[in-house]
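Thanks for coming. Please have a look at it first.

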Amino acid sequence: MKPKKLQIYLATVVLLIIALVLPSGKFLWNDKYWLMGSILIFLFNTLFAMRKISGAVNVSQSKFNAIYFGSMGLKMILALIFIVIYLNISVIPNKFAVVFMLITYFIYTGFEIQFILSKLRTNSEKDKNGEDARK
């Protein structure tokens with residue numbers, strides 16, 4: 001397993017454990033289920049975006065830009081929809097749960113940005129080595 005994906009899975013396990021051990025006075029079990037659901041949705045969305053982006057890096061710059069901004073926009077829209085659904089369905093909406101969901105969103109977005117930067121760095125090094133060989 002690649003180190004980047006291992007970090008994502010490790011962060012997911014840590015976030016799930018944190019969601020489970022949050023104090024019962026502030027978080028009901030219903031809130032904890034919503035938190036675990038948000039963690040899993042952001043995980044799958046990030047893995048899907050990483051898969052799509054890794055294929056688009058080598059195709060063209062315009063395709064990469066479209067996939068990158070599309071995946072980031074999709075992730076943001078899904079996060080907002082999930083939070084709005086939580087706020088409408090939950091009997092007693094918990095502001096701490098919303099903050100936890102937003103923090104989770106930013107953690108997975110950070111992993112996605114880290115992945116993209118590493119892909120772009122290796123791609124630019126290949127281009128640089130190719131230019132040196134042509135000289």
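**Contacts, core and rings**

Let me start with Met101, which touches Trp34, Leu35, Ser38, Phe42, Phe82, Ile83 and Tyr86, leaving out residues up to four places away in sequence. Contact here means heavy atoms within 4.5 Å.

Some bookkeeping. This is a predicted model, where local features need pLDDT of at least 70 and side-chain atom pairs count only at pLDDT 80 or more, while totals for chains, interfaces and linings use all residues. Residues are numbered from 1 along each chain as its sequence is written, and side-chain values use heavy atoms, with hydrogens and water left out.

Now the core. Met101 is among the residues with the most contacts inside the largest nonpolar core, together with Ile8, Leu35 and Tyr108; that core has 32 residues. Helix H1 (3-21), helix H2 (29-56), helix H3 (61-89) and helix H4 (95-134) each supply at least two residues of it. A nonpolar core is a set of buried Ala, Val, Leu, Ile, Met, Phe, Trp, Tyr and Cys residues joined through side-chain atoms within 4.5 Å. Buried is under 20% relative accessible area, exposed is over 50%, and partly exposed is in between, with a 1.4 Å probe and protein chains only. Helices are DSSP runs of H or I with at least four residues, strands are E runs of at least two, and both are numbered from the N terminus.

Next, the rings. Rings of Phe, Tyr and Trp (its six-membered ring) pair if their centres lie within 6.5 Å; planes under 30 degrees apart are stacked, over 60 edge-to-face, and the rest tilted. The count comes to eight aromatic pairs. One of them, Phe64 with Tyr68, is stacked, at 6.0 Å centre to centre and 10 degrees between the planes. Both residues lie in helix H3, four residues apart, about one turn of the helix. Phe64 is buried at 6% relative accessible area, and Tyr68 is buried at 17%. Elsewhere, Trp34, Phe82 and Tyr86 form one aromatic cluster.

Lys32 lies over the face of Trp29, 4.7 Å from the ring centre. The charged end of Lys95 is over the ring of Phe96, at 5.8 Å from its centre.

Last, is Lys75 buried or exposed? Lys75 counts as buried, at 0% relative accessibility. Lys75 is in helix H3, and its contacts beyond four places in sequence are Asn45, Thr46, Tyr105, Tyr108, Thr109 and Glu112.

How values were computed. A charge sits over a ring if NZ of Lys or CZ of Arg is within 6 Å of the ring centre and within 35 degrees of the ring normal.
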